[in-house]
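Hi everyone, thanks for coming.

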Amino acid sequence: MTTTQARTGPEQTPGAEPQGEHEVSPDAAGGAHAGHGPHGYSAQKDAHLKRLRRIEGQIRGLQRMVDEDVYCIDVLTQVSAGTKALQSFALSLLEEHLRHCVAAAAEEGGTELDAKVAEATAAIARLLRS
C-alpha cells in the first residue's frame, strides 16, 4: 500500500461504493424521529459542526502521525485526546436531548415520555460501553 493509499483509503474498483462512506438516509440516521422539526442540538448546530471539524482534524493528525512513524506513546496520547473530545461532544448532545426532547415529552406525558426515557437510557448505555 502506498502512502497516499494509507491516507485516503484503499483503491476502489471503478463503480464500487467507497468503503466507510455509505450515505445514510435522514430516517436511518435519526431513528424514528428523523425529519421531525428542530432537534435539541439545532440551536447550537454551527458550534457542533465547528467542534466536529476540530475532532476530524485531530483524527487526520493521527493518520499523519502513523504515516510519519511517530513514537507509539505519542500517538496513543493523541488517541486519548480524540476519544475524550468525542465523549465530550456526545455528552453535550445527550444533555441537549434531555433538555429538549425528553422535556417536551414530559409535558405530553404518557407513552411518549416513556419512549424518550427509554431512548435516552439506551443512548447512555451505548456511551458507557464505548
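Let's start with a question: which side chain does Arg 99 meet in a salt bridge? The partner is Glu 95, at 2.9 Å from N to O. By salt bridge I mean a side-chain nitrogen of Lys or Arg within 4 Å of a carboxyl oxygen of Asp or Glu.

Before going on, a word on the background. This is a predicted model, where local features need pLDDT of at least 70 and side-chain atom pairs count only at pLDDT 80 or more, while totals for chains, interfaces and linings use all residues. Residues are numbered from 1 along each chain as its sequence is written, and side-chain values use heavy atoms, with hydrogens and water left out.

Back to our pair. Arg 99 and Glu 95 are 4 residues apart in helix H4, so about one helical turn separates them. Helices here are DSSP runs of H or I, at least four residues long, numbered from the N terminus. Arg 99 is exposed at 62% relative accessibility, whereas Glu 95 is partly exposed at 40%. For those words, buried is under 20% relative accessible area, exposed is over 50%, and partly exposed is in between, with a 1.4 Å probe and protein chains only.

How many salt bridges are there by this rule? The count comes to 3. Another one joins Glu 56 to Arg 60, with the closest N and O atoms 2.9 Å apart. Both of these residues sit in helix H3, 4 residues apart. Glu 56 is partly exposed at 40%, and Arg 60 is partly exposed at 44%.

Then there is Lys 116 with Glu 119, at 3.6 Å from N to O. They are 3 residues apart in helix H5, which covers residues 110-129. Is Lys 116 buried or exposed? Lys 116 is buried, at 7% relative accessibility, while Glu 119 is partly exposed at 32%.

Now please look at the loop between H3 and H4. Asp 69 lies there, and its phi is near 55°, a positive value in a residue other than glycine. Most residues other than glycine have a negative phi. Asp 69 is also exposed, with a relative accessible area of 69%.

Tyr 71 lies in that loop too, between helix H3 (45-67) and helix H4 (72-108). Tyr 71 is exposed, with a relative accessible area of 54%.

That's my tour, and I'm happy to take questions!

How values were computed
Helix = DSSP H or I, 4+ residues; strand = E, 2+ residues; numbered from the N terminus.
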